[in-house]
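Here are a few notes to keep beside you as you look at this structure for the first time. Take them one by one, with the view open.

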Amino acid sequence: MANLNKILIVPLDWGLGHATRSIPLIMNLLLNNCEVYVAGEGATLALLKSEFSQVKFLPLSGYRIHYAKQQRWLPLKIIIQIPRIIFSIYHEHKWLKKIVKRYSIDAVISDNRFGLYHSQIPSVYITHQLLIKTGNKFSENLLRKCHYWLIKKYTQCWIPDFEGADNIAGQLSHPSQTLPNIQYIGCLSRFEKSSTESIKYNLLILLSGPEPQRTLFENKLLLQLQQFTGNVLLVRGLPETEKNLVLLKNSRASIVIKNHLIAEELSKVIQQSAMVICRAGYTTIMDLLKLQKKAILVPTPAQTEQEYLGRYLMQQQLFLCIGQQNFLLMDALENAAAFNFLTKEYDMEKYKQAIHQFIINGG
């Protein structure tokens, strides 16, 4: 098979993590002289457009999943949206057939979008959740069967984690039942560690994830920051919003608020920060592990994946995890100061081998 030259990448629009972990893939494909197309909408497309000028962008509607304000209403909120999600999967599958023909696409890489498989070209599905945690064995088993049925339609399934016991996602990426087309490709991080950065911020807050929980957590933090002393940078995770807000210095703290930072800037400020507060999103976790930074993880309420990851990584002493509902900034920082953070070395370049093999062999 000839080399794959035209590659389409489509990340899920649930938060920004799927878009940001696409960045190292896109960068590496470009370095391999591939012509890259990216499809999406809204914040996902805005973020990737801010990173790449040499990529061709195509409009494609996302799943547009919404959260409930109160945790107890989340299951009902998700159930109500299922018909629209199914229609979106059907629509994107039909859309892909037209796009492949129109642009002569050689291969497609889908990050957690279910309908982007194709019978005539290699297709890759990316997920770190082979097991979708719900807290209920019956529903987990049902979701696994549905998920595996979709994964089997793809040429390959790439897991951004490490094979074996020394992994990052635990049961999510290493369930008891697996599939033959799975390949563990190692972490996907867009950042590069530097040895020259010095501490500039006492605290860095990275907000992300679906609304309304992103805003609810932001408002809680802004109120509690009034008790904090030191330099604070808060990144809101809103790439579509242009105007940045700046809170002027007061007698106790200097708080700067940015809506969004491109990858190079964000990598720099993370390394310039003594402590990070962020969601327990998997992409953020991979970035923090690569930069070897201490962090307090605050899972998005009722997002079972993040809640599991937070507990799992705290058990390994890699991060401290605290729930949003009872989050108190000063108590959290005090607990973090007493927490015995461990640092591990991972092979953060492994994914490049998977990309090279995919381009040469076509899966």
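This is a predicted model: local features need pLDDT of at least 70, side-chain atom pairs count only at pLDDT 80 or more; totals for chains, interfaces and linings use all residues.

**Notes for a first look**

1. Strand β1 (residues 6-11) and strand β2 (residues 35-40) run parallel and are joined by 4 bridges. Here you can find isoleucine 7 opposite valine 36, which belongs to β2.

2. Aromatic rings come next. The count of aromatic pairs comes to 9. One of them is formed by tyrosine 37 and tyrosine 103, with 5.4 Å from centre to centre and 50 degrees between the planes, a tilted arrangement. Tyrosine 37 belongs to strand β2 and tyrosine 103 to helix α4 (residues 74-103), so this pair ties together parts that are 66 residues apart in sequence.

3. Are these two tyrosines buried or exposed? Tyrosine 37 has a relative accessibility of 3% and counts as buried, because the cut-off for that is under 20%. Tyrosine 103, at 26%, counts as partly exposed.

4. The ring centres of tryptophan 158 and phenylalanine 358 are 5.5 Å apart and their planes are at 80 degrees, so the pair is edge-to-face. Tryptophan 158 sits in strand β6 and phenylalanine 358 in helix α11 (residues 350-361), which makes this a link between distant parts of the chain, 200 residues apart. Tryptophan 158 is buried, with 0% relative accessible area, and phenylalanine 358 is buried as well, with 2%.

5. Still with the rings, there is a group to pick out. Phe114, Tyr117, Tyr125 and Tyr154 make up one aromatic cluster.

6. Charged side chains meet rings too. Where does the charged end of arginine 144 sit? You will find it over the ring of tyrosine 148, 5.6 Å from the ring centre. The charged end of lysine 153 sits over the ring of tryptophan 149, with 4.2 Å to the centre of that ring.

7. Please also check the backbone at glutamine 292. This residue is not a glycine, yet its phi is positive, about 55 degrees. Glutamine 292 is in the loop between α8 (282-291) and β13 (295-297), and at 25% relative accessibility it counts as partly exposed.

8. What does alanine 302 count as, at 18% relative accessibility? It counts as buried, because 18% falls under the 20% cut-off.

Conventions
Residues are numbered from 1 along each chain as its sequence is written. Side-chain values use heavy atoms; hydrogens and water are left out. Two strands pair if DSSP finds at least two bridges between them. Helices (H or I, at least four residues) and strands (E, at least two) are DSSP runs, numbered from the N terminus. Rings of Phe, Tyr and Trp (its six-membered ring) pair if their centres lie within 6.5 Å; planes under 30 degrees apart count as stacked, over 60 as edge-to-face and the rest as tilted. Buried means under 20% relative accessible area, exposed over 50%, partly exposed in between (1.4 Å probe, protein chains only). A charge sits over a ring if NZ of Lys or CZ of Arg is within 6 Å of the ring centre and within 35 degrees of the ring normal.
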